[in-house]
Amino acid sequence: MSGKVVEILSSDELRRTINRMASQIVERSRDLSQLVLLGIYTRGVTLAHLLARQIEALEGITVAVGAIDITFYRDDLDQIGIRTPAKTDIPFDLTGKTVVLVDDVIFKGRTIRAALNAVNEYGRPELIRLAVLVDRGHRELPIHPDFLGKQLPTTKEEIVKVYLQDWDGRDAVELISN
């Protein structure tokens with residue numbers, strides 16, 4: 001990736017953003033024992049674990065965390081190409097739960113649409129919400145986050161890159177433009 005790189009969130013800002021999102025999830029959840037965080041591969045999974053750790057620190061309650069791979073639910077495989085799917089890990093029934101889908105960046109909304117289709121394979125949740133670290137706009141579908149870290153207007157050509165310590169060895173959000 002070449003081009004101009006601008007740091008959007010530093011490590012400290014990212015930590016504060018995750019703390020705020022976790023607090024919002026707690027505030028809007030009626031029963032934390034029924035809350036499930038489902039991270040969308042790749043960085044959504046790491047982000048879901050970070051949110052769960054923060055919720056536990058705030059409330060003393062362990063929140064169930066799962067990981068979902070949406071590869072075969074996408075409608076654009078012909079454009080992105082087939083890739084080796086990650087392992088979906090949802091060791092619990094989602095029926096009756098409040099599921100919060102977690103992803104790092106929302107763009108057109110197609111990843112979330114695919115995730116919604118995939119969730120149906122694992123039960124019928126009472127409620128599905130969406131937590132996203134960065135919303136860069138340009139939606140093609142009527143999908144919007146319930147919990148949002150940062151609204152970041154971008155051009156379609158720009159790239160938003162999220163780095164998470166547990167996956168990338170550092171925490172930051174960057175905007176890359178040509």
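Two strands are said to pair if DSSP finds at least two bridges between them. In this predicted model, strand E4 (residues 98-106) and strand E5 (residues 127-135) pair in the parallel sense, over eight bridges. Within this pairing, valine 100 stands opposite arginine 129 in E5.

E4 and E5 belong to an open sheet of five strands, in the order E3-E2-E4-E5-E6, with parallel pairing. Its edges are formed by strand E3 (64-68) and strand E6 (147-151), each of which pairs on one side only. Neighbouring strands of this sheet are turned against each other by 25 degrees on average, direction ignored.

## The three-stranded sheet

An open sheet of three strands has antiparallel pairing and the order E1-E8-E7. Strand E1 (4-9) and strand E7 (159-163) are the edge strands. From one strand to the next, the twist averages 25 degrees.

E7 pairs with strand E8 (residues 172-177) in the antiparallel sense over five bridges. The bridge partner of lysine 161 is glutamate 174, in E8.

## Helices on the sheets

Helix H1 (residues 11-28) lies across strand E2 (35-40), E4, E5 and E6, and runs at about 150 degrees to E6. Helix H4 (residues 110-119) also packs on the sheet, where it touches E2, E3, E4 and E5; its direction makes about 155 degrees with that of E4.

H1 lies across E1, E7 and E8 as well, running at about 45 degrees to E1.

## The annotated motif

An unreviewed UniProt entry annotates residues 99-111 as the short sequence motif "PRPP-binding". Over residues 99-111 the chain is 62% strand and 15% helix, with the end C-alpha atoms 16 Å apart.

Definitions and conventions
Residues are numbered from 1 along each chain as its sequence is written. This is a predicted model: local features need pLDDT of at least 70, side-chain atom pairs count only at pLDDT 80 or more; totals for chains, interfaces and linings use all residues. Side-chain values use heavy atoms; hydrogens and water are left out. UniProt positions are given in the numbering used here, feature names are shortened, and annotations may be inferred rather than shown by experiment. Helices (H or I, at least four residues) and strands (E, at least two) are DSSP runs, numbered from the N terminus. Axes are lines fitted to C-alpha atoms, for helices over the stretch in contact, and angles run from 0 to 180 degrees between N-to-C directions. Contact means heavy atoms within 4.5 Å.
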